Amino acid sequence: MASMEVDEDVAAEATSSSQSVAVESSSQAAGNTSNFTAPTSPAPPAQPATGGGSGSALSDVSPGNSVMASAGTVGSVSVSLHPLVILNISEHWTRQRAQEVTSEVQVLGALIGKQTGRHVEIMNSFELSYDMLDGNIIINREYYTLKEEQYKQVFSDLDLLGWYTTGDTPGPPDLLVHKQICDLLDSPIFLKLNPMARHTDLPVSIYESVLDLVNGVPTLLLVELQYTLATEEAERIGVDHVARMSSHDVQESSIVAENLQAQYSAIKMLASRVRLIAEYVKASQRGEVEFNHEILRQVNALAHRLPVLNSEKFRGEFYNQCNDVALMSYLGTITKCCNTMNRFINRFNLLHERLAMGRRMRGLFF
Amino acid sequence: MASSSTGEGSSKMNQSQIAQRMWEMANNMEYYNAADEIYQYDRKQQQDILQAKPWEKDPHFFKQIKISALALLKMVMHARSGGTLEVMGLMLGKVDGSMMIVMDSFALPVEGTETRVNAQAQAYEYMTAYVEAAKQVGRQENVIGWYHSHPGYGCWLSGIDVSTQMLNQNYQEPFVAIVIDPIRTISSGKVNIGAFRTYPKGYKPPDEGPSEYQTIPLNKIEDFGVHCKQYYSLDISYFKSSLDKKLLDSLWNKYWVNTLSSSSLITNAEYMTRQIFDLSDKLENSETALGRAGLFGLDPQEKKTEDKLSRVTRDSCKTTMEALHGLMAQVVKDRLFNQIPQAQQKGQEPA
């Protein structure tokens, strides 16, 4: 097993580079399909209209119209989001809707997690209680302090990071709530989930606030942040499990098939994305699609990254790993053989003895 | 959601139906999905059930349990965050006939398992405060059970767990005990979870037949064996809301990258090492037993050694298979990302 530790570095490198290849290929596909004017946008935002229009909206803004900062503003932190938070919000919304049975339901809550330097990791969330005053949402501060006390007892290393709500594009009412959260925290993150979204991308957008000068007045505006989905092995398995289970459990007869199912789905996705890129390149060649040098350069860079890892050292470590596993399976097979032999010998002895006993008994009587 | 998916089949419908669908789509009507009904909380119905207490007459009353996607994920994450320490928490939910339903879970600020019975008192305060706060934001369910983790040694109830659960079933019915093993979850790639209810003291359960075998480390086998007849496990099924389903589907659009790049051989290296050590201990045990049996050659003795060696074999098979699965993933990745030199030379697209 010592070789497995050495192999860790190499394999981790292989993993991360293959992961980035895969991410890039997915981003390429996403960028192409959304037909953005800015071609290099990794995570597809949910509101293309806002993204495209906010540049012009800022010039003729009256505070009631748009709350987005200009399209060129870049966020100051990088965000990784845990799928647990998404499910939390979804459940909160479903529950609220089930109890009120109206279509228009808005839920509000707080986000907690860790922040290290410029990287924010949103790990969990909980609901917040609020009151409506003149149609404006006012957060119940006492309820928040109560909950803060509680979660600090269990998750002592998590801090308040921001807040979430449901709905479509962010508007001035969201800014009002955001200002209230700003009292509790310096620069909170704002997450918006759209439960009614009709497209297939994840309808989650994350924003942070900046103080900008609009017509000479410093106003709070929102900047969209790019986010990645955080990986944690147990979480991935849990999410995979709940995503794939249907109301009736189909029992796979083969354990191998069960295990490879997840890999197969992932590879299917990869294949579809790659196919998309290939189609795009072919269409460009035929002249059906406008020649976009930026995208083509990226595709070229992507293609040149393969093979991902082919050095001598990698080959060596990889074969070591294969040998380790082969050794383990050899051990397993030997154990199985020993067991079978043992049982066989026992039964043979038993049979032999019984026969011998029978003959001796007959010898006694006759 | 429902309206858009049936749009394709509209050509087969008659004019009035088409018109209706178009109107609905134009007006953005959202159908209330029947799958979400489980999220409604009928206080009157629950109180009636609590009054009737149908579980008092039949110790085997609850046979199934439904766990929500959120509760499962929260429990798994919490168990994982404890590392090699056991963690525990409570679950909120309700009862429906002979089925228990778990809607949500939350973690308790207690550590370790040896002081479990005392910890219940300490956790009580936290629990009441939490449930009170939850009611304020629309979560009406009550506490329906507790969960804790057995990191690396499987899902079953230890002696202390059994006594705690029996106490709970006396005073806090309806109550269920759930055990999660986060380490086995990761190593086998499937969620390792079990839901149990204990029988009352002195109750002789009807013979259920052999339950599903699980590998138990040597130092816990005795604890398992002594108590395994005092409780039974419930069938677990899961449910998710329609929004959950939609979100999970769209989550997959980004998440497949993580699936492909996960490397289970590396994540599980430590656990696998421990398993092999455990296997070697078990083999030594069975070897000494074999030696003794060889002298006598009696039937009952044989059965025991056969059992020991067969069990070791099954355990070793399981560990081997997990290692093989991990290697399969690695080989797949290698093939995908490394093996295209010929195609590149020929200037064609990769196969």
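Helices (H or I, at least four residues) and strands (E, at least two) are DSSP runs, numbered from the N terminus. I start there because the elements will be named that way throughout.

This is a predicted model, in which local features need pLDDT of at least 70 and side-chain atom pairs count only at pLDDT 80 or more, while totals for chains, interfaces and linings use all residues. Residues are numbered from 1 along each chain as its sequence is written, chains are lettered from A and ligands numbered from 1 in the order in which they are written, and side-chain values use heavy atoms, with hydrogens and water left out.

Chain A first. Its secondary structure comes to 9 helices and 10 strands. Of its 366 residues, 45% count as buried; buried means under 20% relative accessible area, exposed over 50%, and partly exposed in between, with a 1.4 Å probe and protein chains only. The accessible surface of chain A is about 19,300 Å², and 57% of that belongs to carbon and sulfur atoms. Accessible areas come from the Shrake-Rupley method with a 1.4 Å probe; for residues, only the protein chains shown count as cover. Contact means heavy atoms within 4.5 Å. Among the contacts in chain A with a separation of 6 or more, residues 24 or more positions apart account for 64%.

Now chain B. There are 13 helices and 8 strands in it, and buried residues make up 50% of its 351 residues. Chain B exposes about 17,100 Å², with carbon and sulfur atoms supplying 54%. Of its contacts between residues at least 6 apart in sequence, 75% join residues at least 24 apart.

Next, the interface. How many residues of chain A are in contact with chain B? The count is 110 residues of chain A, against 99 residues of chain B. The size of an interface is often given as the accessible area lost when the parts come together. Here the area buried between chain A and chain B is about 9,600 Å², and carbon and sulfur atoms give 66% of it. Buried area is the accessible area (1.4 Å probe) that two parts lose on being put together, summed over both. In chain A, the residues that lose the most area to chain B are A:Glu91, A:Arg198 and A:Met328, together 6% of what that side buries.

Across this interface the rule finds 12 residue pairs in polar contact, both at pLDDT 80 or more. A polar contact is a pair of N or O atoms within 3.5 Å; within protein, one must be able to donate a hydrogen and the other to accept it, and residues adjacent in sequence count only if both atoms are side-chain atoms. On the chain A side, elements giving two or more residues include α1 (2-34), α3 (83-100) and α9 (312-365). The largest share, 19 residues, comes from α9(A). That side of chain A divides into 58 nonpolar, 31 polar and 21 charged residues. Ala, Val, Leu, Ile, Met, Phe, Trp, Tyr, Cys and Pro count as nonpolar, Asp, Glu, Lys and Arg as charged, and the others, Gly among them, as polar.

Then salt bridges. A salt bridge is a side-chain nitrogen of Lys or Arg within 4 Å of a carboxyl oxygen of Asp or Glu. In one of them, the side chains of A:Glu91 and B:Arg139 meet at 2.7 Å, N to O.

A:Glu91 also forms a salt bridge with A:Arg95, with the closest N and O atoms 3.4 Å apart. Why are these two separated by about one helical turn? Because they are 4 residues apart in helix α3 of chain A. A:Arg95 counts as buried at 0% relative accessibility, and A:Glu91 counts as buried at 1%. Both belong to a network of salt bridges whose members include A:Glu127, B:Lys74 and B:Asp104.

Two pairs in chain B make a contrast. B:Asp249 and B:Lys245 form a salt bridge at 3.6 Å, and B:Asp249 is partly exposed, with a relative accessible area of 43%. B:Asp315 and B:Lys282 form a salt bridge at 2.8 Å. That pair links distant parts of the chain, helix α12 and helix α11, 33 residues apart. B:Asp315 is buried at 3%, and B:Lys282 counts as buried at 6%.
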